[in-house]
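Me: I would like to learn how to read aromatic pairs and nonpolar cores. Can we work through one example?

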Amino acid sequence: MTYLIDDIAQYLEDEGVGTLGTNIFKSYLPDSVDTALVVLDTGGTMPDPDMPTKSPTFQVFIRAATYTAGKTKLEAVRTALHRLANETVGSTYFYYILAQSEGGHLGRNERGLDEFSVNFGCLTR
């Protein structure tokens with residue numbers, strides 16, 4: 001069984017954003033990698049009770065050695081996912097994926113690495 005974050009992570013690799021297990025991760029981000037992203041399941045919103053759909057949400061969290069590298073990766077993620085529509089990705093059919101914001105810089109962590117995030121909502125079946 002695959003989950004939505006599996007499909008999203010694979011899609012980001014297919015779109016050239018990075019490589020699974022090297023700089024794209026699912027559900028956790030190893031401390032040993034300075035520049036990487038993780039796809040996180042963030043629950044979702046209440047689905048329509050009359051339609052056989054789901055309304056999951058997810059976040060892409062990015063850590064980078066420099067602000068420029070992180071911002072570039074954020075833009076690549078947003079470009080790959082925002083407005084994706086009527087497409088099967090892995091085992092998930094997406095009616096749409098929409099960024100819930102532009103995404104942004106969260107500051108620097110204790111190791112001085114820049115952190116960014118962007119959240120997405122989608123409608124799936």
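Me: How many aromatic pairs does the structure hold?

Reply: A pair of aromatic rings is described by the distance of the centres and the angle of the planes. Rings of Phe, Tyr and Trp (its six-membered ring) pair if their centres lie within 6.5 Å; planes under 30 degrees apart are stacked, over 60 edge-to-face, the rest tilted. This structure holds 4 such pairs. One is Tyr67 with Phe116: tilted, 5.4 Å centre to centre, 55 degrees between the planes.

Me: What should I keep in mind about the model?

Reply: It is predicted: local features need pLDDT of at least 70, side-chain atom pairs count only at pLDDT 80 or more, and totals for chains, interfaces and linings use all residues. Residues are numbered from 1 along each chain as its sequence is written, and side-chain values use heavy atoms, leaving out hydrogens and water.

Me: Is Phe116 buried or exposed?

Reply: Buried means under 20% relative accessible area, exposed over 50%, partly exposed in between (1.4 Å probe, protein chains only). Phe116 is buried at 0%. Tyr67 is partly exposed at 40%.

Me: Which residues touch the most other members of the largest nonpolar core?

Reply: Nonpolar side chains tend to be buried together in soluble globular proteins. A nonpolar core joins buried Ala, Val, Leu, Ile, Met, Phe, Trp, Tyr and Cys residues through side-chain atoms within 4.5 Å. Here the largest has 26 residues; Leu12, Phe58, Val60, Val77 and Leu81 touch the most other members. Its largest share, 6 residues, comes from α1.

Technical notes
Helix = DSSP H or I, 4+ residues; strand = E, 2+ residues; numbered from the N terminus.
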